[in-house]
Amino acid sequence: MNWLILTGIVVILLFSFVIFFGAPFLPTLKIRESDVLELLSLKAGQTLLELGSGDGRILRAAAKKGIKSVGYELNPLLVIWSKLLCWKYRNLIDINWGNYWHHRLPVSDGIYVFLLNPYMSKLDKKIEQEINKKVRVVSFAFQIPNKKPKTEKNGMFLYVYRPERGIGK
Ligand SMILES: C[S@@+](CC[C@H](N)C(=O)[O-])C[C@H]1O[C@@H](n2cnc3c(N)ncnc32)[C@H](O)[C@@H]1O
């Protein structure tokens, strides 16, 4: 019984400590997955980067279209769980355990985030500083401060970043 309580406490801690580094786990609704991919407009063979990849549902939706993806996830339980769920698409999906603020953004054609308001400015700076090619960025629910989205669909905001010049038109 003590082990059961201890396990419960560890699970709760693993799901809650992430709020010091980003958004807690709240998956994108299944019915919104197609909106994410539609806004990102990636083709088979291109690469999607997901910052905070949760249970990997967006990565799997992308893989079904032949899109490669890289996910970063801080919660080790979600890393294990998403790797299991994504096993079928392991040749297209690369899930990394880690804090995305501590990693340089890998080269990608599109980025998907479901963050929280306090992190949006930091994200904006990181993208501007680290990309070296044009990238489409979709943010669920939260907008990048002082930047006009290219378009919006069902609470998702699309931005286009270009290297050095920052956000595109
Ligand atoms: C709101 S959830 C979104 C999950 C997934 N992107 C989706 O849309 O279904 C945010 C995810 O980011 C993870 N996360 C938060 N901060 C992070 C960080 N600094 N580095 C890596 N993952 C982080 C959380 O553990 C959580 O799984």
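Analyst: Helices here are DSSP runs (H or I, at least four residues), numbered from the N terminus. With that naming, R32 sits in the loop between α1 (2-16) and α2 (33-40). This is a predicted model, where local features need pLDDT of at least 70, side-chain atom pairs count only at pLDDT 80 or more, and totals for chains, interfaces and linings use all residues. Residue numbers start from 1 along each chain as its sequence is written, and side-chain values use heavy atoms, without hydrogens or water.

The side chain of R32 makes a 2.7 Å polar contact with that of D35 (N or O atoms within 3.5 Å, one able to donate a hydrogen and the other to accept it; residues adjacent in sequence count only if both atoms are side-chain atoms). Leaving out residues up to four places away in sequence, R32 also touches N154 and M156 (heavy atoms within 4.5 Å).

T28 puts a polar side-chain atom 2.4 Å from a ligand oxygen. On the backbone side, a polar atom of G98 is 3.5 Å from a ligand nitrogen, and an N or O atom of Y100 lies 3.1 Å from a nitrogen of the ligand. Overall, the protein covers 99% of the 600 Å² of accessible area the ligand has on its own (Shrake-Rupley, 1.4 Å probe).

Definitions and conventions. Helix = DSSP H or I, 4+ residues; strand = E, 2+ residues; numbered from the N terminus.
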